[in-house]
Amino acid sequence: MSWIYLILAGIFEMTGVVMINRLHTHRNFTSLFYLLIGFGASFLFLSLAMKTLPMGTAYAIWTGIGASGGAMLGMIFYGEEKSSMRILFIFMVLGSAVGLKFITGES
């Protein structure tokens, strides 16, 4: 269950990052509200995951999901550069997160 919490934490972190971008462009209460909800839920699920997962592994995977997901959402929805090297490095971050999952046991 902790791995599901960790994936949810990463997804909500991506939501928070997108809302930061939206807040910069729209400057309204709705964007701020969703930003706070996104990061709040992200920290909540991260803390639930860290009850059984080692802190270093949970944090590395959480930031990996958020960073790579934020970069992919930027390419898909905000027209950011889609070079093959950029996509390769995003997959390397995701591959590293998956690798940490396979070598880490729950305590």
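Helix 3 covers residues 55-77, and its 23 residues reach 32 Å from the first C-alpha to the last, close to the 33 Å expected at 1.5 Å a residue; the expected span is 1.5 Å times one less than the number of residues. Helices here are DSSP runs of H or I with at least four residues, strands are runs of E with at least two, and both are numbered from the N terminus. Helix 3 is followed by Gly79, whose phi is positive, near 70 degrees. This is a predicted model, in which local features need pLDDT of at least 70 and side-chain atom pairs count only at pLDDT 80 or more, whereas totals for chains, interfaces and linings use all residues. Residues are numbered from 1 along each chain as its sequence is written, and side-chain values use heavy atoms, with hydrogens and water left out.

The largest nonpolar core has 20 residues, and those with the most contacts inside it are Leu6, Leu46, Leu53 and Ile61. Such a core is a set of buried Ala, Val, Leu, Ile, Met, Phe, Trp, Tyr and Cys residues joined through side-chain atoms within 4.5 Å, where buried means under 20% relative accessible area, exposed over 50% and partly exposed in between, for a 1.4 Å probe and protein chains only. Helix 1 (2-26), helix 2 (29-49) and helix 3 each supply at least two residues of this core, and the largest share, seven residues, comes from helix 1. Leaving aside residues up to four places away in sequence, Leu46 touches Leu6, Ala9, Ala58 and Trp62, a contact being heavy atoms within 4.5 Å.

The structure also holds six aromatic pairs. Rings of Phe, Tyr and Trp (its six-membered ring) pair if their centres lie within 6.5 Å, and planes under 30 degrees apart count as stacked, over 60 as edge-to-face and the rest as tilted. The rings of Phe12 and Phe45 have their centres 5.7 Å apart and their planes at 10 degrees, so this pair is stacked. It links Phe12 in helix 1 with Phe45 in helix 2, 33 residues apart; Phe12 is partly exposed, at 27% relative accessible area, whereas Phe45 is buried, at 17%. The rings of Phe43 and Trp62, with centres 5.5 Å apart and planes at 45 degrees, form a tilted pair.

Finally, the structure holds one salt bridge, a side-chain nitrogen of Lys or Arg within 4 Å of a carboxyl oxygen of Asp or Glu. Glu80 forms this salt bridge with Arg86, the closest N and O atoms being 3.3 Å apart.
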